[in-house]
Amino acid sequence: MKRCPVCESRIIGRSDKKFCSTKCKSVHQYETRQKTEAFYLEIDRQLKINRKILKTYNYKGYTTVRKSALLNDGFNPGFFTHYWKNSRGDVYFFVYDYGFLDLKKSGKNKYLIVQWQEYMRK
């Protein structure tokens, strides 16, 4: 008599059946993925948080925000998807379609937040 590895119920049916139900099979697959892909999921989670924060502050398409405000909301500047360098040599770090540039303005640390533009592709 075989038992389900998730809920320990008796397995009825085919001899090669491993789980008692599709629900238990799904639970097992989810838990396995959480363990094997933990690093990927952590990075993906932080990228989504960063994008959401940049989008929230950048309601005009181009804005300057205190660095501390973003950091307090959970923004982590170490997580970004790509970068773009303008003609002056400034490097903008992008989280998908929102970018940020580290600035020191009026003696305060700030981020200039921009939205991706088609001319940046070149």
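**Strands, cysteines and charged pairs**

Biologist: In β5, which residue is the bridge partner of T63?
Modeller: Strands are DSSP runs of E, at least two residues, numbered from the N terminus. Two of them pair if DSSP finds at least two bridges between them. Five bridges join β1 to β5 (residues 108-115), and the two run antiparallel. In β5, T63 is partnered by I113.

Biologist: What kind of model is this?
Modeller: Residues are numbered from 1 along each chain as its sequence is written, and side-chain values use heavy atoms, with hydrogens and water left out. Local features need pLDDT of at least 70, side-chain atom pairs count only at pLDDT 80 or more, and totals for chains, interfaces and linings use all residues: this is a predicted model.

Biologist: Which are the edge strands of the open sheet?
Modeller: The sheet has five strands, in the order β1-β5-β4-β3-β2, with antiparallel pairing. An edge strand pairs on one side only. That describes β1 (62-66) and β2 (82-85).

Biologist: In the hairpin of β4 and β5, which residue takes a positive phi?
Modeller: β4 and β5 pair in the antiparallel sense over eight bridges. L101 stands opposite L112 in β5. Two residues lie between the strands. The one with phi near 55° is S106.

Biologist: How many disulfides are there?
Modeller: A disulfide needs two cysteine sulfur atoms within 2.5 Å. The sulfur of C7 has its closest cysteine sulfur in C20, at 3.4 Å, so that pair is too far for a bond. By this rule the count is zero.

Biologist: K48 and D44 meet in a salt bridge; which of the two is buried?
Modeller: A salt bridge puts a side-chain nitrogen of Lys or Arg within 4 Å of a carboxyl oxygen of Asp or Glu; here the N to O distance is 3.2 Å. The two are four residues apart in helix α2 (residues 38-57; a helix is a DSSP run of H or I, at least four residues), so about one helical turn separates them. Buried means under 20% relative accessible area, exposed over 50%, partly exposed in between (1.4 Å probe, protein chains only). K48, at 52%, is exposed, while the buried one, at 17%, is D44.
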